[in-house]
Structure formats: structure tokens, C-alpha cells
Number of protein chains: 2
Amino acid sequence: MKIDVIGRGNVGTHLCKALQGNADVNPVAPRTLDGIRGDADIYLISVSDDAISDVAENLKHRVNESSIVAHTSGTTPLSAISPLFANSGVFYPLQTFSKDVELDYIEIPFFIEGSSAEVSNILKEAAKAVSKHVYEADSENRKSLHIASVFACNFVNHLWTLSDKYLTDRGLSFDMLRPLITETCRKACRMRPYEAQTGPAVRRDTVTITSHEKSLAENPGYLKIYEMLTHSIMNNSFSHE
Amino acid sequence: MKIDVIGRGNVGTHLCKALQGNADVNPVAPRTLDGIRGDADIYLISVSDDAISDVAENLKHRVNESSIVAHTSGTTPLSAISPLFANSGVFYPLQTFSKDVELDYIEIPFFIEGSSAEVSNILKEAAKAVSKHVYEADSENRKSLHIASVFACNFVNHLWTLSDKYLTDRGLSFDMLRPLITETCRKACRMRPYEAQTGPAVRRDTVTITSHEKSLAENPGYLKIYEMLTHSIMNNSFSHE
């Protein structure tokens, strides 16, 4: 199978690596479309959301009617590109990609949508050659997954950044927290996270909360986040069963 | 070494298990002090912060002058108990404890403070029998560590809870995010978290951010957290070097 990957950001770079073993992969620069093949089976548009339409427009007259053109975004609907091509789809890998960090691709969940059942099947096969977690998801479900992943990954990493900075500013080291972080993650992967909740907010330990808020008074950014998330934990009623 | 552990919450329960291999450990009910020994070498008060003073008061006339009395809290200063005993200290394990979850105690960081260098050394030896991460930390540093751990552990787990609920409410499964969470954690343990940040906020991808905020409009609790943490990521200048 011939796959042209258009885009050289974090996702495009990793997709090339991931697909290489099982397909004939060709990386393509998104602006110029330099080196693009006229006869690829699949074109993956892996660029920022606001650039997808432009790339798709430029691509329109360069591809065979039988080819599949898919974007790799969690946010952009299929309808953003489907009017332009006979066969279109979405090929969305739900992972946090950093260019220099090696990944175990087999663990990356892929969410697939196709303009037809046939397109969907071809994209699913391409994903299954890489990963053991391949799902179908329409644009609405994909968006929900993307939003949930912003909370579960991007915001989580930012809280660690805040934590790191707080300790570093006080001559302490983030390394002291790494065992705690590892265990926090291990628990969330073994049970539902609401069952794993610990800390002053869920204990309603107002003595500790007040004392922390007093310490954070000089850091309004931290204080606001502390108050909001403490309040959210205290008001949570998230046992779903 | 004889150690009486006063308190049967998550921390007390795990401390008993952790210390058992290398010491003669005796669990004690905090209200009645039933079964307490008069001649223990160390008494560990492992109760909620607002109960530490009461337990310490009750303990005052039950222990030898040569014994060490230490609490296990990250928040309460040593001075809350030091006036009551000749030898006092803090024996703070920085970990997320759930009663039913097994732990690898050797990975738990312990933060120790003593009313004298001698007390400090004895508590450090007791901790080193359990863990390979034993530090001295005064009350101020311990409080900073505790605050940082609320961000890095309690708040992080809550974001996973929100994520879980968001997906479950839409017929999707939190399992779909677990590979992402595992990788997010793995990255934060290999590099500084500010280097690992991904997602729409750090990319300043306002198209995606606006689209997410529109979807979250029906969920004011989620929207407020989304806006606040997105803003915090965008205004972050956390490269510390």
C-alpha cells in the first residue's frame, strides 16, 4: 500500500515511522506538496486544524479518484474535506506526540471514519497494521474524545509543570514527586479514577485546604486553580454506576 | 525496634504493612489508644490533621520520656506536637494511599524532621528500612511538597475523573484514553513536564480551543476548568533553566 503523509509536525513524523514497516510511506511537505505521488492509495493530511482546508484544496487536482484522502485531526469534522474527494476519511491517532520521544505504536488508539464502509475498512486495515486499538468513531465522538484527552493529558501535564515550578522555586526537586506521579497513574489505570481520589479536598479537610490557600496567596495563578479544582472535587458526584 | 502506629486510615494501614518486615509494629486505635504499649521506641500519629493535637494530648502521659512521638502529616508543623514531648518528629510518606491498593514501599519518598539531630537520625533509619528515597525536610519544605503533590496527584486524578465522566456520559469509554495517560506519565518521568506539553493551548490553536469551548458550553463546570487551564498554559513561561 502506498501512503503519502502530508505534514512534518509531531503527528506526521510519528505516523511516517509507525506506518513504515507495513506500507510504502512517502513524507510530503504540506505547503508545496513537493514529492507527492499521483498514485498513492492513501493521502494523510497531518497539519494544524486551520490548515487542513487549504492543503485539501491544493491536493484536489493532484490525486486519483480512487485514492483515499484522510486527515488526522480529532477536532476537524470529516465534512471539512469530504466534498472535495470521491473517497475521504479521518485517521486520528489519540496520543501525545513529541518529535524526539520514541513511542510504542502498537499501544496507540486509532479512531477511524470513512466516507463509505469500504473507505472505513481500508483505513482500519492500515491502522491495524500499526496498532492493536482501532475503533470507528464519527466526528462527534472524535471531538468528545479529543476534549476528554485535553483534560486527561494536556491539562494533567500542565499541572505537573506547575508542580515542578513550585518546587524548583523553593529549592526542591520535581524528582521527589515522581514516585507519587507514577503511582497516581498506575492507580488510574487499574480502577476508575473517582475511586482512586485522595487528598484534602475529597477528605473535606478544610484545615489543610485553608492552610494551603494561605500559602498560595502570593501566587494568584496557583491559588485560582487550587480553589477551582478543590471546589470541583468537593462537588463531584461522579460515581457512574 | 518497637513502633506503635496510631490511626487506621489509608496512611496508617500502609505504614503498618511497610514497617512490619523490619520492626515490631503495633496498630493502635486513635480515639481510645487501646492496646498502646508504654515502652515503644517510636509512636507514629497517623490521623487527620485536625485530630493530631487531640491524639498527642492523650498520648502525653502514656509514653516514656525516651520515646519518639512523630506525626505523619505533610501539612501540620512539628511545632504542633513538639512542646508535649521530649523527643518529637515528623515521618511523612509522600504517596497516594488507598487501603486496598498494594504499593511498592521501597519507592515511597519519606520526608523526616526531628526535634534533635539524634531523633532525626533514628526516624531516618526507620524510613530507610522501608524506602530508598529518604530526605530531611523542615515544616516549610514539607508544606511546599504537600501543596505540589495536591497539584501533581489529587488534581491530576480529578481531571481523569472528569474525563472519565465526560466519555461515559457520551457512551464512550475511559479505557480508550488509558494508553494516552500512560504515555503522558512516562514522558513526565523522562523529561521536565514543560518540555512535554502538547495540545491546542501550547500550539495556540484558537480554532480548536473555540470549538471545544463551544461544545463545553452546556457543562459550566468543565468549561470553567477548560478556560482557566488553557489560559494558564498559554501564559506559562516555565522553562526554568
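Visitor: Why does B:Glu183 count as buried?

Guide: The relative accessibility of B:Glu183 is 7%, and buried means under 20% relative accessible area, with exposed over 50% and partly exposed in between (1.4 Å probe, protein chains only). B:Glu183 therefore counts as buried. The model is predicted, with pLDDT of at least 70 required for local features and 80 or more for side-chain atom pairs, while totals for chains, interfaces and linings use all residues. Residues are numbered from 1 along each chain as its sequence is written, chains are lettered from A and ligands numbered from 1 in written order, and side-chain values use heavy atoms, leaving out hydrogens and water.

Visitor: Where is B:Glu183 placed, and what does B:Glu183 touch?

Guide: B:Glu183 belongs to helix α5 (residues 178-190) of chain B. Leaving aside residues up to four places away in sequence, B:Glu183 touches A:Gln95, A:Thr96, A:Val101, A:Glu102 and A:Leu103; contact means heavy atoms within 4.5 Å.

Visitor: What makes α9(A) roughly antiparallel to α9(B)?

Guide: Helix α9 (residues 220-234) of chain A packs against helix α9 (residues 220-234) of chain B at about 155°, with the axes 11 Å apart. That angle makes α9(A) roughly antiparallel to α9(B), because angles over 145 degrees count as roughly antiparallel, under 35 as roughly parallel, 65 to 115 as roughly perpendicular and the rest as oblique. The crossing of α9(A) and α9(B) is left-handed.

Visitor: Which residues of α9(A) and α9(B) meet?

Guide: A:Lys224, A:Ile225, A:Met228, A:Leu229 and A:Ser232 meet B:Lys224, B:Ile225, B:Met228, B:Leu229 and B:Ser232.

Visitor: How do you know whether α5(A) is roughly parallel or antiparallel to α4(B)?

Guide: Helix α5 (residues 178-190) of chain A and helix α4 (residues 139-169) of chain B pack at about 15°, with their axes 10 Å apart. At that angle, α5(A) is roughly parallel to α4(B). The crossing of α5(A) with α4(B) is right-handed. From α5(A), the contact takes A:Leu180, A:Ile181, A:Thr184, A:Cys185 and A:Ala188; from α4(B), B:Ser149, B:Ala152, B:Cys153, B:Val156, B:Asn157 and B:Trp160. Its residues divide into eight nonpolar, three polar and no charged.

Visitor: Why is B:Leu33 called buried?

Guide: B:Leu33 has a relative accessible area of 3%, so it is buried. B:Leu33 sits in the loop between β2 (24-28) and β3 (42-45) of chain B. Its phi is near 55°, a positive value in a residue other than glycine.

Visitor: What is the phi of A:Arg204?

Guide: A:Arg204, not a glycine, has a positive phi of about 55°. A:Arg204 lies in the loop between α7 (200-203) and α8 (206-215) of chain A.

Visitor: Which residues of α1(A) are buried, and what covers them?

Guide: In helix α1 (residues 10-20) of chain A, the buried residues include A:Gly12, A:His14, A:Leu15, A:Cys16, A:Ala18 and A:Leu19. Their cover includes β1 (2-6), β2 (24-28), β3 (42-45), β5 (88-93), β6 (109-114) and α3 (117-128) of chain A.

Visitor: How many helices and strands does chain A have, and what share of its residues is buried?

Guide: Chain A has nine helices and seven strands; helices (H or I, at least four residues) and strands (E, at least two) are DSSP runs, numbered from the N terminus. Of its 241 residues, 58% count as buried.

Methods: Axes fitted to C-alpha atoms, helices over the stretch in contact; angles between N-to-C directions. Left-handed = near helix turned anticlockwise from the far one by under 90°. Nonpolar A, V, L, I, M, F, W, Y, C, P; charged D, E, K, R; others polar.
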